[in-house]
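Thanks, everyone. I'll keep this brief. Please have a look at the model on the screen.

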Amino acid sequence: MKATDDNGQWSRLVTTLRVERCPAFYETWWVILVYLLLGLSGIGYGVRCYVRRMKRKDEELWADSAELVRMKNYLDQTAPDNEDTAGLDRLLAEKAVRIVEAHLSEPDFDVSKLAAEMNMSNSTLTRKLKAITGDTPLDFIRHIKMKHARCMLADRRRNVAEVAAALGYPIANTLRPVSRRSSA
């Protein structure tokens with residue numbers, strides 16, 4: 001560095017001034033290392049959560065597929081072979097009864113609608129109901145309706161036409177009382 005005096009004369013002596021700028025704390029190597037470690041641990045945590053979620057979904061899919069294989073094997077059988085299958089048979093029959101009872105008053109409720117409600121094909125439903133109850137699906141529906149008809153007819157305040165209408169059997173109004181004519 002050179003300086004001038006009051007007359008504007010430069011000095012012959014040169015002085016050196018050394019200025020060092022220290023980096024801010026966020027520019028130091030150890031803070032950069034901390035940032036790097038925090039970033040890597042965040043990425044590691046994200047990967048760990050992702051792997052857990054995928055593992056859980058994989059386990060659910062395997063459980064679902066095992067259940068589907070078990071159900072397919074069950075539906076392909078014609079006769080129960082163990083206690084587990086007997087429990088499934090009971091559940092299937094109870095579900096079929098609940099569905100039929102929910103649609104008692106519908107005149108157009110038939111085997112195909114029962115099969116659709118049970119999420120089965122007509123042939124699978126026929127095969128399973130025949131194996132479980134010994135009845136065809138149509139007979140199964142009729143037996144349930146007749147059981148309810150028997151209970152309804154036990155109540156003396158109802159007549160046959162009301163019970164038939166309540167169970168989805170249309171009654172034609174063509175029936176007329178028979179009158180006796182006397183010939184004189």
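In what order do the elements of the protein chain run from the N terminus on? They run α-α-α-α-α-α. The secondary structure comes to six helices and zero strands. Helices (H or I, at least four residues) and strands (E, at least two) are DSSP runs, numbered from the N terminus.

Two ground rules. This is a predicted model, where local features need pLDDT of at least 70, side-chain atom pairs count only at pLDDT 80 or more, and totals for chains, interfaces and linings use all residues. Residues are numbered from 1 along each chain as its sequence is written, and side-chain values use heavy atoms, with hydrogens and water left out.

Now the whole chain. Of its 184 residues, 20% count as buried. Buried means under 20% relative accessible area, exposed means over 50%, and partly exposed lies in between, with a 1.4 Å probe and protein chains only. The accessible surface comes to about 14,900 Å². Carbon and sulfur atoms hold 59% of that surface. These areas come from the Shrake-Rupley method with a 1.4 Å probe; for residues, only the protein chains shown count as cover.

On to contacts, meaning heavy atoms within 4.5 Å. Take those with a separation of 6 or more: 41% of them join residues 24 or more positions apart.

Next, helix 4, residues 122-133. Its 12 residues, at 1.5 Å a residue, should span 16 Å. The end C-alpha atoms are 16 Å apart, which agrees. The expected span here is 1.5 Å times one less than the number of residues.

Which residues of helix 4 are buried? They are Thr-124, Leu-125, Lys-128 and Leu-129. Seen down the helix axis, they fall within an arc of 120 degrees, so they line one face of helix 4. The arc is that of the directions from the helix axis to the C-beta atoms. Just after helix 4 comes Gly-134, with a positive phi of about 85 degrees.

Helix 5 covers residues 137-154 and contains Asp-139. Asp-139 is partly exposed, at a relative accessible area of 30%. Its C-alpha atom is separated by 9.7 Å from that of Val-111, 28 residues apart along the chain.

Now charges. How many salt bridges does the structure hold? Six. A salt bridge is a side-chain nitrogen of Lys or Arg within 4 Å of a carboxyl oxygen of Asp or Glu. I'll show three of them.

One pairs Lys-113 with Asp-108, the closest N and O atoms being 2.9 Å apart. Lys-113 is partly exposed at 35% relative accessibility. Asp-108 is partly exposed too, at 47%.

Another pairs Arg-90 with Glu-94, at 3.5 Å between the closest N and O atoms. Both lie in helix 2, residues 83-102. They are four residues apart, about one turn of the helix. Arg-90 is partly exposed, at 48%. Glu-94 is partly exposed, at 35%.

The next pairs Glu-27 with Arg-21, with closest N and O atoms 3.5 Å apart. Glu-27 is partly exposed, at 36%, whereas Arg-21 is exposed, at 66%.

Last, the cysteines. Cys-49 is partly exposed at 29% relative accessibility. Cys-151 is exposed, at 56%.

That's it from me.
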